[in-house]
Amino acid sequence: MKQPDFRLLFEGAPGLYLVLTPDLKIVAVSEAYLRATMTKRAEIIGRALFDVFPDNPDDPAATGVANLRASLDRVRAQRVPDTMAVQKYDIRRPESEGGGFEERFWSPTNSPVLDANGELAYIIHRVEDVTEFLRLKTIGSELGTRAEQMEAEVYLRAQEVAEANRHLAQLAARLETSNQELESFSYSVSHDLRAPLRVIDGFSLALLEDHGKSLPPEGQDLLSRMRQQAQRMAQLIDDLLEFSRLGRKPLDVASVDLAALARTVVQDLGQANTDRKLDVTVGELPPAMGDRALLRQVLTNLIGNAFKFTRQRPDAQVEIGWRDDDGECVYYVKDNGAGFDMRYASKLFGVFQRLHPAADFEGTGVGLALVQRIIHRHGGRIWGEGRVNEGATFSFTLSAGS
């Protein structure tokens, strides 16, 4: 049975949740929390909690940071949940909303998540926005009944929060166990499966070197093919491991100069293809918010494919550019190479899916799947368009930081 996607479950939870590392860096956040605090996931993931949510500098009596830090310190020291009193903790408005700080009141609870060894792995920070409740209490006696009802609701919600925290802690523990099992599987694949492949490749090479002359041409050809397939299998294992690890690697989000990055990738690929004449154009791409190393892998795979599939064209052309689609920045890599039949476009991003014979173009069929996973982790989309023998265009968006 397919395992549930715990990340999607968490991000879609109706409550206001943050997941913090023991050093108080934000590693996960629910959509409800983003809406309540007027923030964006790509702008806060990986950052220190109090860098993202400082005290209101215009309020000299602000105690939000100090009180929350004290609660988190208690959780880190005692490793038990800590429920705080209602806190005044103003939030910063985006510049698009006028900037400044907005008065808010919160009912927070901080809960530890322990790993299999009893060590603190994460802290779940759960809050309830009670600003409206407190404002209603000050309106007057005519709203007293409603205020009492809301107070009761806050109490009931606090009980629900405690129960939800327990469930989240269980989910986090199960997720940690799944990750450990996956790491164990990856280790087994990496070491146990590669060993026999190295033996097959090594013995085949030894047989060719030591006894190749005594074998008929057909036998030498079979041994060569055996080595090629063993090496191909090893590369498939490497690509599959990279694909599986990608979903667990945290994003290091920052501003990335995609034009400079694309020119670096083109230069590196050009040095590996000195025997070819290519007309490569890199436009003035707008910068993007994202993980530089992962975005470099996106460009390397897409531009590398453009180099590969134009190999049979004497007038090979590759273009890296961007366009504005109704206010959305769309980056693209375009070539005039082998192209593909749009009837099979749905297979482009599948693992080990290939639209061209391996004899014509090398590869394992994992590159585009890796690209799609990276783009999705940045909140973007990717798609391909092409025509047989007339080239292909791969376009993608990046929502991180937009």
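Reply: Let us begin with a term: a salt bridge is a side-chain nitrogen of Lys or Arg within 4 Å of a carboxyl oxygen of Asp or Glu. The model is a predicted one, in which local features need pLDDT of at least 70, side-chain atom pairs count only at pLDDT 80 or more, and totals for chains, interfaces and linings use all residues. Residues are numbered from 1 along each chain as its sequence is written, and side-chain values use heavy atoms, with hydrogens and water left out.

Me: What makes the contact of aspartate 59 with lysine 88 a salt bridge?

Reply: The closest N and O atoms of aspartate 59 and lysine 88 are 3.0 Å apart, and because the limit is 4 Å, the pair qualifies. Aspartate 59 lies in the loop between α4 (49–52) and α5 (64–78), while lysine 88 belongs to strand β4 (residues 87–88), so the bridge ties together parts that are 29 residues apart in sequence. Helices (H or I, at least four residues) and strands (E, at least two) are DSSP runs, numbered from the N terminus.

Me: Why is lysine 88 called partly exposed?

Reply: Buried means under 20% relative accessible area and exposed over 50%, with partly exposed in between (1.4 Å probe, protein chains only); lysine 88 has 29% relative accessibility, so it counts as partly exposed. Lysine 88 also meets the side chain of aspartate 90 in a salt bridge, at 3.0 Å from N to O, and aspartate 90, at 8% relative accessibility, counts as buried.

Me: How do you know that glutamate 11 and arginine 41 form a salt bridge, and what does it tie together?

Reply: Their N to O distance is 3.6 Å, which is within the 4 Å limit. Glutamate 11 lies in helix α1 (residues 6–11) and arginine 41 in helix α3 (residues 41–44), so the pair ties together parts that are 30 residues apart in sequence. Glutamate 11, at 15% relative accessibility, counts as buried, whereas arginine 41, at 21%, is partly exposed.

Me: Why is the pair of tyrosine 33 and phenylalanine 53 called edge-to-face?

Reply: Rings of Phe, Tyr and Trp (its six-membered ring) pair if their centres lie within 6.5 Å, and planes under 30 degrees apart count as stacked, over 60 as edge-to-face and the rest as tilted. Here the centres are 5.9 Å apart and the planes stand at 75°, so the pair is edge-to-face. Both tyrosine 33 and phenylalanine 53 are buried.
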